[in-house]
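Have the coordinates open as you read. The walk below goes from ring pairs to helix packing, then to a sheet and a few backbone details.

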Amino acid sequence: MDTMRERFISVTSGALDEDPRLALVLAEITMDGFRPAQRRNPDRVINVGIREQLLVGVGGGLALTGLRPVVHTFASFLVERPFEQIKLDFGHQGTGGVLVSASASYDWPAGGFTHMAPGDVALMDTLDGWTVHVPGHPDEAEALLRHAYAAGDDKVYVRLSQQSNAAPRPVDGLRWRTVREGGPGAGVVVAVGPLLDNVLAATEGLDATVLYAATVRPFDDAALRAAVGRGTADVVLVEPYLAGTSTTAATQALCDIPHRVLGLGVGRAELRRYGTIEEHTAAHGLDPHSLRERISAFLR
């Protein structure tokens, strides 16, 4: 199976050939994969070098000309380093585009903390009007990328990952899906993107409803309210980025329903050993065994 990043290359290369409004802006990262597309579309595949603020500024400028820019690099260099440019060159200017990241929370442990951005979605949450997609499989990444490219002038952030679920789920860029239904009054566990398989393994045999979210902003208030039903609600959010990123959104969705919310995700403490993706997942308590302990304790 290819990775989400490899799928991004193939899907975007084809879209550049088909849609003359689409333009791609890179900062060296993934440039080798796009060289054939650059030869075919030299005016719309632009490599600015290792200049991430310029990367986003060029994307915003292209949007002002009427193009649909796709801006790509690692999440730490796409969201954190040029955040002011995102805020001003897209938000303040009222333009749209598609930001596509790779290697966000800890997908490349050997790169160290400079190449990790577990706070990217929380940071994007401070801005108005951004749709945020977090696919859990390369097929979902393809569907959500195509959705983003065709989305007029909307502002979209697509968070790609090295991690993947074993099988794709239907995604439409809008709604969450119920993948396991508990009994009346059961707790609700929201699994985001590539953590779905771990959540399903962790909740096997528990009386819990599991929702799957591949699009986290806008937050799907209706799906969460439908899942909790009437009465009190116990909700667990399992996110592949900073723990607690969506607890405020969940609380707002359930403002008129008595509820408790537990946010699980990547911790704030820096892990100063390279290790593997799997070791980082376990260290943050996001492996099936740790999730089962934490979810079971909360729902009891």
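What follows is a short tour of this predicted model.

Start with the aromatic side chains. A pair of aromatic rings is described by the distance of the centres and the angle of the planes. The structure holds five aromatic pairs. Take phenylalanine 8 and phenylalanine 34. Their ring centres are 5.4 Å apart, and their planes meet at 75°. Planes over 60 degrees apart count as edge-to-face, so the pair of phenylalanine 8 and phenylalanine 34 is edge-to-face.

Phenylalanine 8 has 0% relative accessibility, so it counts as buried. Phenylalanine 34 also has 0%, and therefore counts as buried.

Now compare another geometry. The rings of phenylalanine 74 and phenylalanine 77 have centres 6.2 Å apart and planes at 25°. Planes under 30 degrees apart count as stacked, so the pair of phenylalanine 74 and phenylalanine 77 is stacked. Both phenylalanine 74 and phenylalanine 77 are buried. Ring pairs also bring in Trp108, which forms a cluster with Phe74 and Phe77.

The charged end of arginine 260 sits over the ring of phenylalanine 298. It lies 4.1 Å from the ring centre.

Go back to α1 for the helix packing. Two packed helices are described by the angle between their axes and the distance between the axes. Helix α1 packs on helix α7, residues 138-149, at an angle of about 35°. The axes of α1 and α7 are 9 Å apart. The crossing of α1 and α7 is right-handed. Which residues of α1 make the contact? They are Met4, Arg7, Phe8, Val11, Thr12 and Ala15. From α7 come Pro138, Asp139, Ala141, Glu142, Leu145, Arg146 and Tyr149.

Five strands form an open sheet with mixed pairing, in the order β7-β9-β8-β11-β12. Its edge strands are β7 (177-180) and β12 (259-266), and each of these pairs on one side only. Neighbouring strands of the sheet are turned by 25° against each other on average, direction ignored. Look inside the sheet at β8 (residues 187-192) and β9 (residues 208-213). These strands pair in the parallel sense over six bridges. Glycine 187 stands opposite alanine 208 in β9.

Finish with the backbone. Where is the cis peptide bond? It joins arginine 217 and proline 218, with omega about 0°. Proline 218 is in the loop between β10 (215-217) and α9 (221-228).

For threonine 30, phi is near 70°. At 11% relative accessibility, threonine 30 counts as buried. For serine 103, phi is near 55°. Serine 103 lies in the loop between β4 (97-102) and α6 (120-124). Its relative accessibility is 8%, so serine 103 counts as buried.

Methods
Residues are numbered from 1 along each chain as its sequence is written. This is a predicted model: local features need pLDDT of at least 70, side-chain atom pairs count only at pLDDT 80 or more; totals for chains, interfaces and linings use all residues. Side-chain values use heavy atoms; hydrogens and water are left out. Rings of Phe, Tyr and Trp (its six-membered ring) pair if their centres lie within 6.5 Å; planes under 30 degrees apart count as stacked, over 60 as edge-to-face and the rest as tilted. Buried means under 20% relative accessible area, exposed over 50%, partly exposed in between (1.4 Å probe, protein chains only). A charge sits over a ring if NZ of Lys or CZ of Arg is within 6 Å of the ring centre and within 35 degrees of the ring normal. Two strands pair if DSSP finds at least two bridges between them. Helices (H or I, at least four residues) and strands (E, at least two) are DSSP runs, numbered from the N terminus. Axes are lines fitted to C-alpha atoms, for helices over the stretch in contact, and angles run from 0 to 180 degrees between N-to-C directions. A crossing is left-handed if the near helix is turned anticlockwise from the far one by less than a right angle, and right-handed if clockwise. Contact means heavy atoms within 4.5 Å.
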